[in-house]
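The sequence and structure are shown first, and the account follows.

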Amino acid sequence: MDKLILGRYVPGQSVLHRLDPRSKLLAMMMFILIIFWANNLVTNVLALALVLGLVFLSRISLSYFIQGILPMLGLIAFTTMFQLFFTSAGQPIANIWFLTITDKGLEMSLLIFSRFLLIILFSTLLTLTTTPLSLSDAVESLLKPLKPLKVPAHEIGLMLSLSLRFVPTLMDDTVRIMNAQRARGVDFGEGNLIQKVKSVIPILIPLFASSFKRAESLALAMEARGYQGGDGRTKYRQLSWQHRDTLAILVMILFAVALFYLKNS
């Protein structure tokens, strides 16, 4: 749990670190949309090659990156299990109790697993190379054209910034609570599945309590400092769109074109 890197920022001076946060956020949104065109081995390998190439450009250690993703593989696998066991189409290849695994279900579960993994890899790379405050400014800037429609751009950006800021804090709280429970004799690895689920309850209750307490303290601190939202506020950090940001979007467009032509090959 303490190795989870989603939501953390790693300082650096790489090409990805210097990109405008708006271009990185737009690239992330484009990637999530076009990754659903990756429906075969060639397109998935191409998407993985793109992500690994971006990791190389970020100058972040690949071993550090992979270790941070490993804690989430179990959650992704659990999600795709439903597709594996509850798809009846295709030829049966195995029977487990009353559940039947078909070739179509296996293919679809692997495809969904790959999509989830690639999206998490790309989103993790975004947070590793972009500060939460920069992401908040990017979201607010991209939503400004919707202000006449009463879209609270600043508030949405603020919520995103706070969420990303406190993800590592929640992870640290979880580790501290688990260590405290272990000191009281709780073993999170023993027993059957139901017993393991029950052992999580002593973690969730104090975690929720500490989260609400921290949220209340943060709200009181913002009120005490006269926080009034985005109207009339100036910005210390000014976003600047450069040629490299345009190039990054063009790369994503070329990637989308390649996936579109290879998806049925």
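This is a predicted model: local features need pLDDT of at least 70, side-chain atom pairs count only at pLDDT 80 or more; totals for chains, interfaces and linings use all residues.

On the α2 side the contact is made by Ser23, Leu26, Ala27, Met30, Phe31 and Ile34, and on the α9 side by Asp245, Ile249, Met252, Ile253, Phe255, Ala256 and Leu259. Sorted by class, the residues of this contact comprise 11 nonpolar, 1 polar and 1 charged.

Helix α9, which spans residues 243-262, also packs against helix α3, residues 41-58. Here the angle is about 165° and the axes are 9 Å apart. An angle over 145 degrees counts as roughly antiparallel, and α3 and α9 are therefore roughly antiparallel to each other. The crossing of these two helices is right-handed. From α3, the residues Val42, Thr43, Leu46, Ala47 and Leu50 take part, and they meet Met252, Phe255, Ala258, Leu259 and Leu262 of α9. This contact of α3 with α9 consists of 9 nonpolar residues and 1 polar residue, with no charged residue.

| Helix pair | Angle | Axis separation |
|---|---|---|
| α3 and α9 | about 165° | 9 Å |

Phe255 is named in the contact of α9 with α2 and in the contact of α9 with α3. Phe255 also belongs to an aromatic pair. The structure holds 5 aromatic pairs. In one of them, the ring centres of Phe31 and Phe255 are 6.0 Å apart and the ring planes lie at 15°, so the pair is stacked. Phe31 is located in helix α2 (residues 21-34) and Phe255 in helix α9, so this pair links parts of the chain that are 224 residues apart in sequence. Both Phe31 and Phe255 are buried. Together with Phe122, these two residues form one aromatic cluster.

Two further residues illustrate other parts of the model. Asp137 lies in helix α6, which covers residues 132-143. Is this residue buried or exposed? Its relative accessibility is 8%, so Asp137 counts as buried, the limit for this class being under 20%. Neighbours within four places in sequence left aside, Asp137 is in contact with Lys235, Arg237 and Leu239.

Met108 is found in helix α5, residues 103-129. With a relative accessible area of 26%, Met108 is partly exposed. In sequence, Met108 and Asn39 are 69 residues apart, while their C-alpha atoms are 9.1 Å apart in space.

For the protein as a whole, the secondary structure comes to 9 helices and 2 strands. Along the sequence, these elements follow the pattern α-α-α-α-β-β-α-α-α-α-α. Of the 265 residues, 35% count as buried. Among contacts between residues at least 6 apart in sequence, 75% join residues at least 24 apart. The stacked pair of Phe31 and Phe255 joins parts that are 224 residues apart.

Notes: Residues are numbered from 1 along each chain as its sequence is written. Side-chain values use heavy atoms; hydrogens and water are left out. Axes are lines fitted to C-alpha atoms, for helices over the stretch in contact, and angles run from 0 to 180 degrees between N-to-C directions. Helices (H or I, at least four residues) and strands (E, at least two) are DSSP runs, numbered from the N terminus. Angles under 35 degrees count as roughly parallel, over 145 as roughly antiparallel, 65 to 115 as roughly perpendicular and the rest as oblique. A crossing is left-handed if the near helix is turned anticlockwise from the far one by less than a right angle, and right-handed if clockwise. Contact means heavy atoms within 4.5 Å. Ala, Val, Leu, Ile, Met, Phe, Trp, Tyr, Cys and Pro count as nonpolar, Asp, Glu, Lys and Arg as charged, and the others, Gly among them, as polar. Rings of Phe, Tyr and Trp (its six-membered ring) pair if their centres lie within 6.5 Å; planes under 30 degrees apart count as stacked, over 60 as edge-to-face and the rest as tilted. Buried means under 20% relative accessible area, exposed over 50%, partly exposed in between (1.4 Å probe, protein chains only).
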